[in-house]
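Here is a short report on a protein model. It starts with the whole chain and then turns to a single residue.

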Amino acid sequence: AFLGPVGTFTEQAMLNYFGSSIEPIACPSFDEIFRATESGSTDFGVVAIENSTEGVVARSLDLLLQSPLTIIGETSLLVTHNLLRKELSRDDIKVVCAHPQALAQCQVWLSQNLPNAERRAVSSNAEGARLASLDGSVAALASERAALQFGLHVVQRAVQDEAHNRTRFVVVTHTDRHTPAAPTGHDCTSLAVAVDNRPGAVHDLLVPLKRHNVSMTRFESRPARSGQWEYVFFIDLAGHPAQDNVAAALEELRAQCSLFKVLGSFPLDVH
C-alpha cells in the first residue's frame, strides 16, 4: 500500500525498496495505508516519516503509536519538486496544489515567484497533478513521473527551497505476519515512550543509553492528546535488541516508562 495516485514520491520509494514485481495498492491517505495493512488487504505499507527540511511527518508518528504494525525497513529519496501545468508558462496560475509537506518545502520559491497564487493542500502531490490536468489555472508541485502520468508540462524544475531535500520512508507490516530480522550490524531500533511529568524525567531516559553505550540518532516529541500537556517521545537508537548492550538499555528504559513501545528494528538505508 502506498500514498496514491500513481506518480507520488511514496510510490517511487516503494519501487526503490521492493522493485517492480509487486502488486501496488494506491491509497488516498496515510490512515488508509495503515488500515489496509492492518486488515491484511496488503502485505506491506510504505509511508513518509521524516523530511530533511520540514522534520517529522506527524500523522505517520501518530499512526505508528496507535497501530499494531511494525517497521521492518526504510528507504530515503532525494525529493525534487517541480512546478507542473497544462500550459508551458507561469502566467495566470491561480492555485498551486500539493501535499502540505511539499507546499512547506517550497514556500520561499512560491512567495517569490507566485505570490498571488492560492496554496491549496491536497492528499498527495500526484493528486495535485491530477487536478492540474483538469484546470489550466491550477499548477502542481510534483515529480516528473507525475507530469508524464497526467500529461503536464514541467514549467520549472527543482523549486524546493533546499537543494538536498530528502524524505525518509518506512515500510510497515503486521506483527502477526512478520518474523523479526536478525541484526545486520547496521540497524535502527525505533521506540515510542512516555514518562511521568517530574523533574529530570527526560534526563533519566538518556542515562541507560549512556550506561550501555547505545547511540541515540533521533529524538522527537508529540503531544499525548491527554489534555494534560503530556508528551510521547519518539526515539531512534543505533543497534538491534539482539545485541546485549541494546537489550540491557531497553530493559532499563522499559522499567521507568509509563508507555514503552518498540515500533520496529530494521536495517538502516545506507544510500
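The protein exposes about 13000 Å², and carbon and sulfur atoms supply 49% of that area. Accessible areas come from the Shrake-Rupley method with a 1.4 Å probe, and for residues only the protein chains shown count as cover. This is a predicted model: local features need pLDDT of at least 70, side-chain atom pairs count only at pLDDT 80 or more, and totals for chains, interfaces and linings use all residues. Residues are numbered from 1 along each chain as its sequence is written, and side-chain values use heavy atoms, with hydrogens and water left out.

The secondary structure comes to nine helices and 15 strands (DSSP runs numbered from the N terminus: helices are H or I, at least four residues; strands are E, at least two).

| Property of the protein | Value |
|---|---|
| Span of the C-alpha trace along its principal axes | about 60 × 45 × 35 Å |
| Buried share of the 271 residues | 49% |

Buried means under 20% relative accessible area, exposed over 50%, partly exposed in between (1.4 Å probe, protein chains only).

Now to one residue. Arg168 is found in strand 11, residues 166-174. Arg168 is buried, with a relative accessible area of 14%. Its side chain makes a polar contact with the side chain of Asp236, at 3.2 Å. Such a contact is a pair of N or O atoms within 3.5 Å; within protein, one must be able to donate a hydrogen and the other to accept it, and residues adjacent in sequence count only if both atoms are side-chain atoms. Leaving aside neighbours within four places in sequence, Arg168 is in contact (heavy atoms within 4.5 Å) with residues including Val47, Glu50, Glu74, Cys188, Arg218, Asp236 and Phe266.
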